[in-house]
Amino acid sequence: MGPGRSMPLAAVLRLAGLLFTAGILLGSGAAAAGTRGGFRRPSGGGMNVLFIVSDDLRPALGCYGDLVVKSPNIDQLASQSVVFQNAFAQQAVCAPSRVSFLTGRRPDTTRLYDFHSYWRVHAGNYSTLPQYFKENGYMTMSVGKVFHPGVSSNHSDDYPYSWSVPPFHPSSESYENTKVCKGKDGQLHANLLCPVDVAEMPEGTLPDIQSTEEAIRLLKIIKEKNSKFFLAIGYHKPHIPFRYPQEFLKLYPLENITLAPDPDVPKGLPSVAYNPWTDIRRRDDVQALNISFPYGPIPEDFQRQIRQNYFASVSYLDMLVGKLLSALDDTGFSNNTVVVFTADHGWSLGEHGEWAKYSNFDIATRVPLMFYVPGMTAPLSDPQDRFFPFIDLFAQLSKPLPQGEPKEMVELVSLFPTLAELAGLRVPPPCPKTSFHVSLCTEGQSMVRYFPSVRRGNEISDDGEGKPHKPPIAFSQYPRPSDTPQPNSDLPLLEDIRVMGYSMRTAHYRCTLWLGFNPRNFSVDWNDIHAGELYFAGSDPNQDHNMYRSETHGHLTKRLCRILEH
C-alpha cells in the first residue's frame with residue numbers, strides 16, 4: 001500500500017476476512033491471565049488495545065502539572081487513567097527506544113543504538129508486542145510512526161511479523177524536512193520553526209492529520225466486525241521541524257514564554273555527557289544564527305521561540321488525540337478498549353544548555369505514560385456513553401489536574417508485559433540473563449502491580465514467590481564516539497561508538513557512568529570509567545549539580561552506583 005493512500009479494496013476485503021478469523025481464534029486461542037484485585041473485565045473476553053505513541057514528547061501536559069501547555073483532551077484521558085509520574089525510555093533516540101519497548105528488550109539486547117540494523121538479523125528473532133497480540137487472535141494495525149521506518153524495522157515496519165495488514169504511512173510525511181516553511185524574506189526554507197497554513201502545504205494536509213483520519217477510518221471498518229484489535233498510531237509531533245497549523249501559535253503569546261529554569265551548561269557536567277544538538281543546527285533558520293559549536297548558546301529570543309513552537313506542537317497533537325478518542329466513543333469501543341498513551345522519549349528545551357534528546361538526563365528520558373482500562377481505571381457503563389467528548393482548545397481553557405500516583409520508577413521496556421496482562425493474555429516470561437536465542441520473553445515487568453486499584457487489592461509486598469519487591473529502578477543508556485562533543489556525538493554509528501553512558505534512576509538519585517565500549521563485540525569495560533554523574537532528586541531535581549566527585553558525597557558514589565554493574 002502506497003504511503004498516505006487509503007486501504008485498497010482488496011486489502012479491505014482481506015481485513016474483513018482476517019477480522020472474522022481473529023474472532024474465531026480469540027475465542028479458542030487467547031490464554032487468559034489471572035486477574036488482580038479490583039479488575040472487572042467487560043464481557044466477551046479480552047479487551048482491544050489502542051496504542052498511541054508520540055514523538056519527542058516530554059511530560060509537558062496539564063495532567064503532569066505543566067501550567068503553560070494546553071492539553072485538555074489528553075488531560076481528559078488522564079482523568080480516567082492510571083498516570084505514571086516517573087516513566088523512562090531506555091535510550092533517548094527514536095529507533096532504539098521504539099525497538100526496545102516494542103520487543104520488551106533493552107538496547108544491549110536488541111543491539112540497536114543507531115538507526116542502521118534490524119534486530120531479527122543483527123541480534124535475535126524476538127517477538128514483538130503487536131506480533132504477540134496477532135498470534136493470540138488480534139487484528140493488528142499500524143498507522144503513522146510506530147516502528148521507526150527504515151533499516152531498523154526492515155523497511156517494512158516489521159510487516160508481516162507484527163501486523164495483520166501493511167502499515168499505513170501518511171504521504172505528506174515526505175515533505176517534512178523539505179523547504180515548505182515561509183520565512184520572513186517571503187522565500188521557502190527548511191526551518192526548525194515552521195507554523196503553516198495547512199491549505200498551502202503540499203497535498204493540503206499534514207502527516208498527523210492524515211494518520212488520525214486513517215486510524216478513525218479503520219475503527220469504523222472494525223466496528224462492523226466482532227473481533228478484537230490492536231491499533232497502534234504513531235504521531236510525528238512534537239518532533240522537529242515544528243511544522244503544524246499556525247493557529248496553534250496563538251495559544252502561546254511569546255511574551256508569556258520563559259527560558260528554561262537552567263539554561264546554562266552545568267559547570268560540573270562531563271563533556272562526554274553533553275549533546276551538541278546537531279540536528280537543530282542543520283535547520284535553515286538556526287544556521288542563520290551562526291551559533292558556535294558545540295556549546296552555543298542560542299540567542300535568548302530564539303530560545304523562547306523554540307519553546308513557544310514546541311508547546312504549540314503539543315497542543316496540535318492534543319487536538320488530534322482528542323479527535324481520535326472521540327471516534328473511539330463514536331464506534332462504541334470506549335467500553336472495551338485499553339488505551340495507552342506515551343512517547344518514545346523526552347526532549348530538552350534549553351535545560352543544561354541542551355536541545356533535542358540524545359542524553360541520559362531526566363528531561364530527555366522521562367515520558368508521559370497513562371493507561372485507560374475500562375472496569376479498572378474507569379467504571380464500566382453503557383456503550384453509548386461518551387467517555388471522551390472532544391474538547392476545543394480554542395473554546396475551553398485547560399485546567400491542569402493535580403499530579404497523582406503512581407510515582408514508582410517504571411520503564412517503557414515494561415509496556416509489553418503490562419499490555420499483555422491488561423488484555424488478559426499470558427504475560428511473557430522474564431528473559432534469562434542471555435536471551436539472544438529466546439524468541440519470547442521480556443526484560444521488563446508488568447506495571448499493573450502499581451495500579452492504585454490493584455495496590456489496594458494486593459499490597460505490593462512480594463513478587464508472587466514470597467520474595468519482597470525491590471524498589472523499582474529505571475535504566476537508560478546513551479552512546480558517544482568520544483569523550484568530547486563531536487559532530488556525530490548525538491547519533492554515532494555503531495562502529496564509531498567508543499563510550500557508553502549507563503544510567504540508573506531511583507526515587508532518590510540518578511547515577512550515570514560513562515564506560516569504555518567495544519562495538520565489534522558489544523562489550524563494556526566496567527573498569528574503564530571515562531566520567532561519572534550523580535544527582536540527588538530531593539536537593540537537585542533539575543540535575544544541575546554533579547556530585548560524582550564531590551568531597552561531601554564522593555564516598556557514596558560507589559555504593560549508590562554499584563547496581564549498574566549487574
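Tutor: Start with a term. Buried means under 20% relative accessible area, exposed over 50%, partly exposed in between (1.4 Å probe, protein chains only). Helices (H or I, at least four residues) and strands (E, at least two) are DSSP runs, numbered from the N terminus. This is a predicted model: local features need pLDDT of at least 70, side-chain atom pairs count only at pLDDT 80 or more, and totals for chains, interfaces and linings use all residues. Residues are numbered from 1 along each chain as its sequence is written, and side-chain values use heavy atoms, with hydrogens and water left out.

Student: OK. Why is helix 12 largely enclosed by the rest of the structure?

Tutor: Eight of the eight residues of helix 12 (residues 415–422) are buried, so the rest of the structure largely encloses it.

Student: What do the buried residues of helix 12 pack against?

Tutor: Among their partners are strand 1 (48–54), helix 3 (94–103), helix 6 (129–135) and strand 9 (337–343). Contact here means heavy atoms within 4.5 Å.

Student: And what follows helix 12?

Tutor: Gly 424, with a positive phi near 85°.

Student: Switching to the core. Which residues touch the most other members of the largest nonpolar core?

Tutor: Phe 51 and Phe 371, out of 136 residues. Helix 10 (residues 300–330) gives the largest share of this core, 15 residues. A nonpolar core is a set of buried Ala, Val, Leu, Ile, Met, Phe, Trp, Tyr and Cys residues joined through side-chain atoms within 4.5 Å.

Student: What is Phe 51 in contact with, leaving aside neighbours within four places in sequence?

Tutor: Its contacts include Phe 101, Phe 230, Val 340, Leu 415 and Leu 419. Ring pairs also link Phe 51, Phe 101, Phe 133, Tyr 138 and Phe 230 into a cluster.

Student: How many aromatic pairs are there?

Tutor: The count comes to 28. Rings of Phe, Tyr and Trp (its six-membered ring) pair if their centres lie within 6.5 Å; planes under 30 degrees apart count as stacked, over 60 as edge-to-face and the rest as tilted. Tyr 113 and Phe 517 are edge-to-face, 5.7 Å centre to centre with 85° between the planes. They sit 404 residues apart, with Phe 517 in strand 16 (residues 509–518). Tyr 132 and Phe 416 make a tilted pair, at 5.6 Å and 55°. That one links helix 6 to helix 12.

Student: Is Phe 416 buried or exposed?

Tutor: Phe 416 is buried, at 0% relative accessibility.

Student: How many disulfides?

Tutor: Three, taking a disulfide as a pair of cysteine sulfur atoms within 2.5 Å. Cys 181 pairs with Cys 194, sulfurs 2.2 Å apart. The link of Cys 181 and Cys 194 is left-handed, with -100° about the S-S bond. Another disulfide joins Cys 431 to Cys 441 (S to S 2.0 Å). Its torsion is about 90°, so this disulfide is right-handed. Cys 511 is joined to Cys 561 (S to S 1.8 Å), and both of these cysteines are buried.

Student: What pattern do the disulfides follow?

Tutor: 1-2, 3-4, 5-6, counting bonded cysteines along the chain.

Student: Last thing. Where does pLDDT stay under 50?

Tutor: Over residues 1–38 and residues 460–466. pLDDT is the predictor's confidence in each residue, from 0 to 100. The mean is 89, and 87% of residues reach 70 or more.
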